[in-house]
Amino acid sequence: MSDQTLSSDTADIAANLAEIQQNIDKACAAVGREPSDVTLICVSKNHDADHVRNALVDGRRVFGENRVQEAAGKWPGLREEFPDVELHLIGPLQTNKLKDAVALFDVIETVDRPKLANALAKHRDATGDCPDLYIQINIGEEPQKAGIALMDADDFITDCITRLKLPIKGLMCIPPVDEEPAPHFALLSKIADRHDLAIRSMGMSSDYKAAIRLGATHIRVGTAIFGSRGY
Ligand SMILES: *Cc1c(COP(=O)(O)O)cnc(C)c1O
């Protein structure tokens, strides 16, 4: 990468982050919330360490990755430069990657089935290690989508908290791409309220403003910060 590219990249990402922060401030003001109550998770999947570093240099410290292996290649090096990073796993976790994920991530947002919850509890009992956890809800009841089914959500949340004593801090969802997201965000907030869970991770590049109006405490934004991932 030439210096030219690097510096225009840096300026672009700083400008994107400034614009997003303004939008966060506005969305909060519209509903009487404090901007400091909304955490921007910079979703760095499919972007290399040099590109991601621009957001770190701009002062951002909370990042999301959706694959354990990709994060394992990218983040140990970046963490040496920026030790106070908080890294969130936002993609599906297979139990055979659990050990690596626990070692690498500060938060796992995608606890979505009893098998994974049990494995996390077992690993915690054996090692004492467990990151903060959010439960992913299949909020749009989509057959192919990850997340605990809506009709099983209340029992699953209760089981994770009371029987397994897992550190469940909140809920996470990804609404169906082709539907109005607002009702889904409202429903996630309602389920979180029911279980006294403070954290609601919802809203991406296209809908984070609506998510904030409906109670998001964590928004996960990739494209609007880093540009297209070139799929
Ligand atoms: C990729 C991804 C995002 C970010 O999506 P953008 O549209 O690029 O902002 C957010 N959440 C999850 C779970 C993702 O996989």
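This is a predicted model: local features need pLDDT of at least 70, side-chain atom pairs count only at pLDDT 80 or more; totals for chains, interfaces and linings use all residues.
**Strands, helices and a core**

Visitor: Which residue in β5 is the bridge partner of valine 111?

Guide: In β5, valine 111 has isoleucine 135 as its bridge partner.

Visitor: Okay, back to the strands. In which sense do β4 and β5 pair?

Guide: They pair in the parallel sense, over three bridges. Two strands count as paired if DSSP finds at least two bridges between them. Together with α5, β4 and β5 make a right-handed β-α-β unit. Right-handed means that, with the strands pointing away from the viewer, the path from the first strand over the helix to the second runs clockwise.

Visitor: How many bridges join β5 to β7?

Guide: Five, and the two strands run parallel. Here isoleucine 135 turns up again, with leucine 171 as its bridge partner in β7. β5 also runs parallel to β6, joined by two bridges, and isoleucine 137 stands opposite isoleucine 148 in β6.

Visitor: How many of the seven residues of β5 are buried?

Guide: Six of them, so β5 is mostly covered, where buried means under 20% relative accessible area (exposed is over 50%, partly exposed in between, with a 1.4 Å probe and protein chains only).

Visitor: And what does isoleucine 135 touch?

Guide: Leaving out residues up to four places away in sequence, its contacts include Glu109, Val111, Phe156, Ile157, Cys160 and Leu171. A contact is heavy atoms within 4.5 Å. In the largest nonpolar core, which has 62 residues, Ile108 and Ile135 touch the most other members. Helix α1 (residues 3-31) gives the most to this core, with six residues. Such a core is a set of buried Ala, Val, Leu, Ile, Met, Phe, Trp, Tyr and Cys residues joined through side-chain atoms within 4.5 Å.

Visitor: Switching to α6: which of its residues are buried?

Guide: Ala153, Phe156, Ile157 and Cys160. The buried residues of α6 pack against several elements, including β5 (132-138) and β7 (168-173). After α6 comes lysine 165, whose phi is positive, near 55°.

Visitor: New topic: is leucine 40 buried or exposed?

Guide: Leucine 40 is buried, with a relative accessible area of 4%. It lies in strand β1 (residues 39-43). Among the residues that leucine 40 touches, not counting those up to four places away in sequence, are Leu17, Ile20, Val62 and Ile225.

Visitor: What does β1 pair with?

Guide: β1 pairs with β2 in the parallel sense, over two bridges, and cysteine 42 stands opposite phenylalanine 63 in β2. With helix α2 (residues 49-57), these two strands make a right-handed β-α-β unit.

Visitor: Which way do the residues of β2 point?

Guide: Val62 and Gly64 point one way and Phe63 and Glu65 the other, and all are buried. In a regular strand, side chains alternate between the two faces of the sheet. β2 also pairs in the parallel sense with strand β3 (residues 86-89), over four bridges, and valine 62 stands opposite glutamate 86 there.

Methods. Residues are numbered from 1 along each chain as its sequence is written. Side-chain values use heavy atoms; hydrogens and water are left out.
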